[in-house]
Amino acid sequence: MIPTSPDDEDFPWWLLIVVAIGAWLFWQVYTQEAYTRVLSTLSRGVQVTIFVTLVSYAMACALGLLLALAALSKSLILRQVARFYVEVVRGVPIIVLLLYVAFVLAPAMVMGWNWLAESIGIEPIRTRDFSLLWRAIIALTIAYSSFLAEVFRAGLQSVDSGQIEAAEALGLNRWHRFRHIVFPQALRTILPPLGNDFVAMVKDSSLVSVLGVTDITQLGKVTAAGNFRYFETYNVVALVYLTMTISLSLALRRFEKKMRQR
């Protein structure tokens with residue numbers, strides 16, 4: 001029998017309340033011109049938010065998996081480097097990391113590129129040519145890769161060692177053992193936390209507004225500063241984020257339920 005949590009058996013009264021509040025806000029958007037204009041402005045930022053989230057998360061997953069493999073490596077140096085990266089990055093607030101990457105790391109990267117460009121005869125670039133959008137993406141990638149590395153590491157360690165030994169006995173090399181035995185089984189364990197981190201990144205992508213990236217939050221700040229309708233503007237900002245995150249959360253719950261039934 002598959003164990004279920006009490007939350008699975010409860011009627012989702014919380015969802016009815018959220019839907020009622022959302023319906024009221026959408027009605028305000030539909031009937032009041034002030035709300036409609038705000039939503040029209042914020043719609044331009046939705047694409048930026050989705051782009052930042054998807055690109056940052058994909059890069060963070062790739063880097064996080066590499067860090068997890070390094071942390072489980074037989075090499076002491078790789079293990080220590082991975083642990084150093086994870087502990088240091090996790091200890092820095094994301095907003096501080098955003099500012100550090102934007103105004104310290106990015107100029108340093110431009111200087112390094114220009115030094116290389118001069119040595120091989122390529123035209124150098126200016127610091128201002130390094131867009132704030134990509135600085136924000138790099139910062140979110142660095143931040144979330146440290147969290148995802150721990151998720152991947154835990155998932156890889158959850159695979160029964162007996163199956164790995166059996167694969168070795170069959171003559172599979174390390175890459176084939178990882179591809180056909182370890183990773184498919186680990187994926188079932190790590191998918192739920194990966195989904196939760198994706199939802200969290202949707203929310204944390206709002207931090208890129210501190211760099212002036214024109215996402216939903218930044219456009220909300222600019223709109224409110226221009227029309228002085230803070231109540232209406234931030235109601236719509238909250239509505240847009242809630243619509244995205246709750247939709248993703250419900251989809252993840254359904255997915256997890258199907259995974260438990262298999």
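Buried residues are those with under 20% relative accessible area, exposed ones have over 50%, and partly exposed ones fall in between, as computed with a 1.4 Å probe on protein chains only. The model is predicted, so that local features need pLDDT of at least 70 and side-chain atom pairs count only at pLDDT 80 or more, while totals for chains, interfaces and linings use all residues. Residues are numbered from 1 along each chain as its sequence is written, and side-chain values use heavy atoms, with hydrogens and water left out.

**Exercise 1. Describe the overall make-up of the protein chain.**

Solution. Start with the secondary structure, where helices (H or I, at least four residues) and strands (E, at least two) are DSSP runs numbered from the N terminus. The protein chain has ten helices and zero strands. Next, take the extent: the C-alpha trace spans about 70 × 65 × 30 Å along its principal axes. Then consider burial, for which 38% of the 262 residues count as buried. Finally, turn to contacts, meaning heavy atoms within 4.5 Å; among those between residues at least 6 apart in sequence, 77% join residues at least 24 apart.

**Exercise 2. Classify Asn-114, Leu-172 and Gln-157 as buried, partly exposed or exposed.**

Solution. Asn-114 lies in helix H5 (residues 94-120), and its relative accessible area of 16% makes it buried. Leaving aside neighbours within four places in sequence, Asn-114 is in contact with Pro-124 and Ile-125. Leu-172, in the loop between H7 and H8, has a relative accessible area of 29% and is therefore partly exposed. Not counting residues up to four places away in sequence, Leu-172 touches Ala-167, Arg-177 and Ile-181. Gln-157 belongs to helix H6 and, with a relative accessible area of 47%, is partly exposed. Gln-157 and Phe-147 are ten residues apart in sequence, and their C-alpha atoms are 16 Å apart in space.

**Exercise 3. Determine how H2 and H3 are oriented to each other, and which residues meet.**

Solution. Axes are lines fitted to C-alpha atoms, for helices over the stretch in contact, and angles run from 0 to 180 degrees between N-to-C directions. Helix H2 (residues 13-31) and helix H3 (residues 33-71) pack at about 95°, with their axes 5 Å apart. Angles under 35 degrees count as roughly parallel, over 145 as roughly antiparallel, 65 to 115 as roughly perpendicular and the rest as oblique. H2 and H3 are therefore roughly perpendicular to each other. On the H2 side Gln-28, Val-29, Tyr-30 and Thr-31 take part, and they meet Glu-33, Tyr-35, Thr-36 and Leu-39 in H3.
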